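Please read it alongside the sequence and the coordinates.

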Amino acid sequence: TDLKQLSDVIKFQREVVVELFMEARSALKVARSKKKLHVIAFGGFSGEYSFGRGSEGMNLHSLSEIVDGVDLVAYVTEPDLLYYIVRWVKFEVGDCPLYVALRPSYPTLFTSEGIATEIKNALDAGAAGVAFYNYGWTPLRNFQWIRKGLDNARSD
């Protein structure tokens, strides 16, 4: 059936990605490298584009046992939604550190309150830290908002 074939393709894709990361981990070990191995996962983008929490053919549960961290790109405008996305991914990755990338500019986060709330929600949901992208699109005033949000999160 079509669903069985689709399921087989997705399973194959996930297995290949895990194998590639296992090879990368092995190569780092052989080279005695101190470099960290992270995987980037898509957590969603709301706004003019579609939203969806998917792992692009990756088994984050399996990968979390191989990598040093998971970097979750979550460009969503709804702070409560961000909280639940991060909680779900944290459930998938267990003890593996999870870092959430936020977009502190239009059309995603374009108020001081929005930035502060998403930083807090990401950390409250289990993220080990947050990152921000794309500075080239970020107005200078938003950097003060980022600082304020990080300071507030540290004081909680």
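**Backbone, burial and helix packing**

Arg-32 counts as exposed, because its relative accessible area is 76%, and the cut-off for that class is over 50%. The model is a predicted one, and the points below should be read with that in mind.

- Most residues other than glycine have a negative phi, and most peptide bonds are trans.
- The peptide bond from Tyr-106 to Pro-107 is cis, with omega near 10°, and Pro-107 belongs to the loop between S3 and H4.
- Tyr-133 and Asn-134 are likewise joined by a cis peptide bond, with omega about 15°, and Asn-134 is located in the loop between strand S4 (129-132) and H5.

**A buried loop residue**

- Thr-108 is part of the loop between S3 and H4, and it counts as buried because its relative accessibility is 3%, where the cut-off is under 20%.
- When neighbours within four places in sequence are left aside, Thr-108 is in contact with Phe-45, Tyr-75, Val-76, Thr-77 and Arg-103.

- The buried residues in H3 are Leu-82, Ile-85, Val-86, Val-89, Glu-92 and Val-93.
- These residues cover an arc of only 115° around the axis, and therefore they lie on the same side of H3.
- An α-helix has 3.6 residues a turn, so residues three or four places apart point the same way.
- The cover over the buried residues of H3 includes strand S1 (38-45), helix H2 (60-63), strand S2 (69-75), strand S3 (98-102) and H4, whereas the face turned away from the buried side carries the exposed residues Asp-80, Tyr-84 and Phe-91.

**Packing of H4 against H5**

- Helix H4 (residues 112-124) packs with helix H5 (residues 140-155) at an angle of about 40°, the axes being 8 Å apart, and the crossing of H4 and H5 is right-handed.
- H4 contributes Ser-112, Ile-115, Ala-116, Ile-119 and Leu-123 to the contact, while H5 contributes Asn-142, Trp-145, Ile-146, Lys-148, Gly-149, Leu-150 and Ala-153.
- By class, the residues of the contact of H4 with H5 comprise 8 nonpolar, 3 polar and 1 charged.

How values were computed:
Residues numbered from 1 in each chain as written. Predicted model: local features only at pLDDT ≥ 70, side-chain atom pairs only at ≥ 80, totals over all residues. Heavy atoms only, no water. Axes fitted to C-alpha atoms, helices over the stretch in contact; angles between N-to-C directions. Helix = DSSP H or I, 4+ residues; strand = E, 2+ residues; numbered from the N terminus. Left-handed = near helix turned anticlockwise from the far one by under 90°. Contact = heavy atoms within 4.5 Å. Nonpolar A, V, L, I, M, F, W, Y, C, P; charged D, E, K, R; others polar. Buried < 20%, exposed > 50% of the residue type's maximum accessible area, 1.4 Å probe, protein only. Arc of directions from axis to C-beta.
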